[in-house]
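User: Hi! I've got a structure open and would like to talk through its pockets, charges and surface. Could you walk me through it?

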Amino acid sequence: MIYVFLSTICMSMLILSVKIAGVRGANNNHVTFLNYVVAFIITLCMSIAGGKLRIFSELGNVDINTVFSVKSIPGTAFLVIATGIVSGISFPTNLIEVKDSTAVNGSAITAFFKQMSTLGGLLIAIVFMGEHPTGIQWIGMLLMVAAIAMMVLDFKSLRINNGLILILILLVGSVMETGNKVISKYTVEGYSLVYLTVTFFVAMIFVVIYLLKQEGSKCFSFSGKDVFYGALLGLSNIGNNFFKIQALNVLPAAVVIPIVAAGSLIITNLVGIVFFKEKANKLYGLAVAVAIISIFMLNF
């Protein structure tokens with residue numbers, strides 16, 4: 001469970017970094033870009049230091065027909081690249097969708113669909129990857145959905161002006177979550193940092209193209225705040241994904257994914273209430289109690 005705990009802490013730091021960066025006046029677009037730059041450089045250096053990049057020399061020996069049935073170095077190299085490309089596009093796409101949805105639908109319903117997308121990845125694991133939750137775990141997952149809804153939704157002011165973008169958040173977020181499960185289930189252990197290197201590289205290129213279209217050459221003009229929060233976000237991003245993959249190596253997705261999703265939400269909401277004087281949802285106390293009960297049920 002230590003990996004689940006560490007992934008939850010890093011996920012909380014990631015969410016809080018974005019929130020604090022906005023409050024402190026940092027440019028969120030620049031922070032997002034620098035986050036991927038920092039994450040790519042660190043994972044690349046660690047992969048080189050560990051001699052893991054040599055895996056790509058085995059690509060010529062891959063048998064596509066066995067990559068999902070037999071763990072091998074060539075198959076791992078193929079999945080690291082293929083899954084990394086998909087995840088690398090999904091990561092920044094999801095952030096852009098969340099930003100756009102917040103503007104038109106509000107933060108509450110957007111946050112709900114963002115959190116539900118992590119459970120969407122769990123559903124993919126159940127349907128396509130042989131996950132078999134117990135009856136008690138199914139109840140625990142339903143309670144977790146209820147807890148998340150109570151934590152983030154303001155039912156009195158709920159509005160949906162653009163339902164399509166919420167669906168896209170759900171779908172793209174599910175794809176993001178699935179990438180970690182694919183790497184943990186179908187690849188030789190020890191190459192998660194190489195996967196993250198590919199992911200963050202693709203995400204970095206994607207964001208560069210996006211920002212060039214949005215801001216032109218100004219997208220490379222960074223403030224000290226941009227650099228600081230970008231680095232903090234990058235470290236959190238690495239930790240969240242790396243520890244989640246490690247957790248998925250030893251625990252079922254039905255345990256890891258819901259606990260990280262709800263646990264990080266509880267932590268970030270508590271930090272917001274205590275340090276930023278944010279008002280708690282009236283249902284928040286009940287939501288936390290339900291989430292704790294569901295966590296116990298997920299571990300049966």
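**Pockets, salt bridges and a surface patch**

Analyst: Happy to! The lining of the second largest pocket divides into 10 nonpolar residues, 1 polar and no charged. Keep in mind that this is a predicted model.

User: How much space lies in that second largest pocket?

Analyst: About 190 Å³.

User: And which residues line the second largest pocket?

Analyst: The lining is made by Met 116, Leu 119, Gly 120, Leu 122, Leu 123, Ile 126, Trp 138, Met 141, Leu 142, Val 145 and Leu 170. Helices α4 and α5 each supply at least two of the lining residues. The most comes from α4, with 6 residues.

User: What lines the largest cavity?

Analyst: Its lining consists of Ile 183, Ser 184, Thr 187, Val 188, Glu 189, Gly 190, Tyr 191, Ser 192, Ile 245, Gln 246 and Asn 249. The elements giving two or more residues are α6 (163–186) and α8 (224–250). Of these, α8 gives the most, with 3 residues.

User: How does the lining of the largest cavity split by class?

Analyst: There are 4 nonpolar, 6 polar and 1 charged residues.

User: How can you tell where space is left empty?

Analyst: A probe the size of a water molecule is rolled over the atoms, and that shows where empty space remains.

User: Got it. On to charges: how many salt bridges does a search of the whole structure find?

Analyst: The search finds 2. In one of them, the side chains of Lys 181 and Glu 131 meet at 2.7 Å, N to O. Lys 181 is in helix α6, while Glu 131 is in the loop between α4 (107–128) and α5 (135–152), so this pair links distant parts of the chain, 50 residues apart.

User: Is Lys 181 buried or exposed?

Analyst: Buried: Lys 181 has a relative accessible area of 7%. Glu 131 is buried as well, with a relative accessible area of 9%. The cut-off for buried is under 20%.

User: Which side chains meet in a salt bridge at 3.0 Å?

Analyst: Those of Lys 244 and Glu 177, with the distance taken from N to O.

User: Where do Lys 244 and Glu 177 lie?

Analyst: Lys 244 is in helix α8 and Glu 177 in helix α6, so the pair ties together parts that are 67 residues apart in sequence. Lys 244 counts as buried because its relative accessibility is 5%. Glu 177 is buried too, with a relative accessible area of 6%.

User: Which helix gives the largest share of the nonpolar patch?

Analyst: Helix α1 (residues 2–23), which contributes 3 residues. Tyr 3 lies in helix α1.

User: Why does Tyr 3 count as partly exposed?

Analyst: Because its relative accessibility is 32%. Partly exposed is the range between buried, under 20%, and exposed, over 50%.

User: Great, that's what I was after. Thanks!

Conventions: Residues numbered from 1 in each chain as written. Predicted model: local features only at pLDDT ≥ 70, side-chain atom pairs only at ≥ 80, totals over all residues. Heavy atoms only, no water. Helix = DSSP H or I, 4+ residues; strand = E, 2+ residues; numbered from the N terminus. Buried < 20%, exposed > 50% of the residue type's maximum accessible area, 1.4 Å probe, protein only. 1 Å grid on protein atoms, 1.4 Å probe; cavity = no way out; pocket = protein on both sides within 12 Å on 5 of 7 lines; lining within 4 Å. Nonpolar A, V, L, I, M, F, W, Y, C, P; charged D, E, K, R; others polar. Salt bridge = Lys/Arg side-chain N within 4 Å of Asp/Glu carboxyl O. Points joined across faces, edges and corners; volume = space filled by probe spheres on them.
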